[in-house]
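Colleague: I would like to learn how to read a model like this one. Please take the features in turn, with the general idea before the case.

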Amino acid sequence: MEGVSQSSFTLPSDSNGVIRMRDPANESGNSTGGGSSGTRSSENSSSGFSRRAFLRGSSAAAAAAAMVARPETASAQKANQGAEVVSGFKTITLSVNVQKHQVNVEPRTTLLEVLRYQLDLTGAKPVSQDGSSGASTVLIDGRPVMASTTLAIACEGKQIQTVESFGGAQPDSAPVAFVQHDAQQCGFCTPGFVVAARAFLDKHPHATEEEIRQGLNGNICRCGTYANVIQAVLSATKGG
Amino acid sequence: MADIQYTWPSKEKASVLGHSVLRLDGLEKSVGAAKYTYDINLKNQLIAQALGSPYGHCKIKSIDIAPAMKVKGVVHVELLRKAGDELQWNGELIAMVAAESEGAAGEGVAALKVDYEVLPSFTHDENLEEAKKRKLTTKAGGKVELQNEPGDDDDEEEFEAAEIERLFKESVHVVEGYYGVDAIAHCCLEPHGSTVEWDGDKLKAYHSTQNVSGTDEGFATALNITSDDVEVECNFIGGGFGSKFAADYWSVAAARVSKETGRPVKFMLSRDQELKIAGNRPSGYINVRLGADKNGVVQIWDSHHWGTAGTKGRGVSQSVIPYVFRPKNFRRLATGVKTNTVGSRAWRAPNHPQACAMTQTAYDDLAAKMGVSSYDIFLRNLENISSRQTADVYRRELEIAAKLMDWKAKWHPHGKGEAQGSIVEGMGIALHEWGGVANNSSATIRIHPDGGVESFCGTQELGTGTRTACAMVVAETFGLAPTDIKVHIGNSKLPVSGASGGSTTIGAISESHRRASLNALAKLFESVAGKLSAKAEQLEAVGGVIRVQGDPAKSIGWREACGSLGLKPLEASASHKRGDKSSLSSEGVGGVQMAHVAVDRETGVVRMKKYVAVQDMGLVVNPVTAESQIYGAVIMGISYALYEHRLTDPATGAFINSEMADYKLPRIGDIGEIVVELFEPEDQRQRGVIGLGEPPVISPGAAISNAVANALGVRVPVLPLIPERVLDALKAGKA
Ligand code: FES
């Protein structure tokens, strides 16, 4: 699957452990394959954030304890050496849809939370915490990433583009194609699908139907709009 | 005023109905501007999350909320259960934590200290023997129908048993089989929940619901207020599929928290809670014996099925067994199995998909046994059916489906196809029936003196294109374009309209909007008749003008015509009552589907190659959204046929695959080619509008199972047909 790349970690809903992260925009895509999905992990990145450890709670002592208490793989332990612990709220500047915004984040705050609750950009949807539905797909420096598995603090200095930027007086051709081919029912998955499709089309402007069927496997639709999505994306290719 | 004829224009005359109209809210949805319940952010709102029971069955020994209250950002903890309470299923909510952010709410939930006493649980509904041993079965009804009647002196049961055995002895072909379909979760992508806010004693609930007009009462009763003090709003909903009809206790709890804290509260279920407690479809497993004559026409059906709909047992209704096909002699018995799982909710076409998958598989095995085409067996058995559609329509649909699938050229006897390496292919059929009656619905139409038109109706847009359909019906009536109509739906203060369940919405809103706009038009005609020096009943509204019938030169533009209203807008309303006879809508549809699959005998993986769905629905309002619904139904069918099911841990009774990554749903690469045909000959169109949401989701389980059986030459008995089961069936088939 090339349309959507996944960031490397899952935010555990019930864990008191450490969250490691890497630069989502420097990721190469990971395949979920047909009908299968799952969390992915890998350990490498050139990003300044990639080897820092963050904790879910807000106390540095708890972070240290958690880092010791949690069983770690050798490579993860290595990654933790030299980790910088950040805690509490911090104001950072994010560039979203070509506008700069001051937002207030904790280390654990996801990009999705910031978009939805601080900027009222609710196009990216919370469907699964682990990013396996693709519903929270946004573009970071032009690459598709799950806002639900991306920490806001890692997005400083990057260009974030959400589905809302595809609207306006001259809407992007991807959402227009979705409307023209009725590639949406309830529409809850649609913004994520539209962003993934845009990124896919940018990379594969001449994609064939077969490539579309293989390339957009990162997004789930419960209403079953896939047949229409294929037609929509096909129509938006250069040959379409 | 002359009597108004509440009818539809003919196919030739209709300028909007039957023409594909793109969704009016399409762009809004696809650029993320549409606001779903989850997207409603109110000023100063709290975010709430909840803790659910980790076990299938347990007792709460103690709850300590103090550590949660200490978490920075946590404002309130609401207990939904107390120490001593027994919890009967995994996920049942215990406490709700309201906080300043998602992160703080989540941390608060994690900090709650609950001690449990784990109690024995049972979740393996397929295991009837074990359920019996544990006394967890209930009688779920049954029926015996035989052509011969017992004599006066006969003991009824003895007679029935003897008669059934006689019929089997007389049968030329006898098939015995075991089939089933596991429980599945609705898994709405937008979880259940609300954002709620109080204004004094008035509650406003942004609520993800299929029942905008009907949930205010649920909130009111639970909160001890009256419905007039509740406003429910839902402009967009991220899936419901039958699971979102109620106020739900968690949303009521959110309203309590809101009252308590004096702040708006947003509570949406987490993904795993959504799967665990917010809706599932009952399982069904069946033992069947059937006997047929030499032509393969079934003469006797004898079955016993069981399954679970939760702690009360129940399962799939016996009334729909055997499905569509109904031999003159049959005995059907049902047993409910009580499990530690949350009660089922209506899932698209309740009972029908399971019934179809549990019975038409046996008919297909009859074809396999006889070595003849399933097409012929299905066709021949149309002489004995129980359906709200006619055998004649099924015959015509079978013929169309066969052409679209190229059935005759591609067919081979079960298990006799040519293998390409380890890959074998096969085809299967199934057919279904549904009602789709028009629900209750009221609508008001307002025509402004400047020509603006608004419609008001307390219905909801589920993704089926209801908003667009409302506009289409009004536009058709007024000779305008759908984009000319401003549609208001999705609020409980609008004229009452029924819940969207059972494929009842398209009929409902077509009735109310057609009637209300015809009423409005009659008034407008009266007001404008003088200007055209004609009588009101001579006028017609066509192509943006109002004109004299038969004298098109005498016409006046819509806007100008509305100017005749003076300063006041014109309003007209109408209601339709479910079940009232009408030429605008009716009920009863059929539908035929065919599947073509490829199965890898080495890995057990089933891939969809092609799927054909032929569907009747009376008069088609909007072909493009009708087709979308059928595509969607087929894909949801592929999902329960090949991928999704609820898995539980026998030790703890926990639902173990309740996260999106583990609960398998098909993805875009998994669906193969799907061909949809709307079957709308004039005799069907004449029947008026009939609902479409449920019927096409019924057949896929049986059709795909039959295709796999045709490919392999052995039956994989229970859906979903995951690789492990395919390999097991192949192994058992060889033994
Ligand atoms: S349109 Fe409903 S989930 Fe995709």
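Colleague: How many cavities of 30 Å³ or more does a search of the whole structure find?

Modeller: A cavity is a space where a probe fits but cannot get out. In this predicted model, the search finds 4 cavities of 30 Å³ or more.

Colleague: Which residues line the largest cavity?

Modeller: Its lining consists of B:Trp89, B:Asn90, B:Lys276, B:Asn280, B:Asn340, B:Thr341, B:Val342, B:Arg646, B:Gly653 and B:Phe655. By class, the lining of the largest cavity has 3 nonpolar, 5 polar and 2 charged residues.

Colleague: And which residues line the second largest cavity?

Modeller: From chain A come A:Cys221, A:Arg222, A:Gly224 and A:Tyr226, and from chain B come B:Ile635, B:Met636, B:Ser639, B:Leu665 and B:Pro666. Helix H16 of chain B, residues 623–642, gives the most to this lining, with 3 residues. The lining of the second largest cavity divides into 6 nonpolar, 2 polar and 1 charged.

Colleague: How much space lies in the second largest pocket?

Modeller: A pocket, unlike a cavity, is an open set of points. The second largest pocket contains about 870 Å³ of space. It is lined by 28 residues, and the closest to its centre are B:Leu518, B:Leu521, B:Leu539, B:Glu540 and B:Gln549.

Colleague: Which elements of chain B supply at least two residues each to that lining?

Modeller: They are helix H13 (466–478), helix H14 (505–529) and strand S22 (539–542). H14(B) has the largest share of the lining of the second largest pocket, 6 residues. In that lining, 13 residues are nonpolar, 7 polar and 8 charged.

Colleague: Now the contact between the chains. How much area do chain B and chain A bury between them?

Modeller: The size of an interface is often given as the accessible area lost when the parts come together. Chain B and chain A bury about 4900 Å² between them, 55% of it on carbon and sulfur atoms. On the chain B side, B:Leu189, B:Arg667 and B:Ile668 lose the most area to chain A, together 19% of what that side buries. The contact involves 60 residues of chain B and 61 residues of chain A.

Colleague: What domains does the assignment give for chain B?

Modeller: It gives domain 1 (26–30 + 438–576), domain 2 (37–119 + 192–268) and domain 3 (352–436 + 587–734). The C-alpha centres of domain 1 of chain B and domain 2 of chain B are 39 Å apart. In the contact between these two, 19 residues of domain 1 of chain B meet 17 residues of domain 2 of chain B. Domain 1 and domain 2 of chain B bury about 1400 Å² between them, with 47% of it on carbon and sulfur atoms. B:Leu462, B:Ser492 and B:Lys493 supply 33% of the area that domain 1 of chain B buries against domain 2 of chain B, more than any other three residues.

Colleague: What is the mean pLDDT of chain A?

Modeller: Where pLDDT is low, the predicted coordinates should not be read in detail. Chain A has a mean pLDDT of 75, and 64% of its residues reach 70 or more. Over residues 1–80 of chain A, pLDDT stays under 50. Chain B averages 97, with 100% of the residues scoring at least 70. The model scores ipTM 0.96 and pTM 0.92.

Methods: Residues are numbered from 1 along each chain as its sequence is written. Chains are lettered from A and ligands numbered from 1 in the order in which they are written. This is a predicted model: local features need pLDDT of at least 70, side-chain atom pairs count only at pLDDT 80 or more; totals for chains, interfaces and linings use all residues. Side-chain values use heavy atoms; hydrogens and water are left out. On a 1 Å grid over the protein atoms alone, a cavity is a set of points where a 1.4 Å probe fits but cannot get out, and a pocket is an open set with protein on both sides within 12 Å along at least five of seven lines; lining residues have an atom within 4 Å of a point. Grid points are joined across faces, edges and corners, and a volume is the space filled by probe spheres set on the points. Helices (H or I, at least four residues) and strands (E, at least two) are DSSP runs, numbered from the N terminus. Ala, Val, Leu, Ile, Met, Phe, Trp, Tyr, Cys and Pro count as nonpolar, Asp, Glu, Lys and Arg as charged, and the others, Gly among them, as polar. pLDDT is the predictor's confidence in each residue, from 0 to 100. Domain bounds come from an automatic or database domain assignment. Contact means heavy atoms within 4.5 Å. Buried area is the accessible area (1.4 Å probe) that two parts lose on being put together, summed over both.
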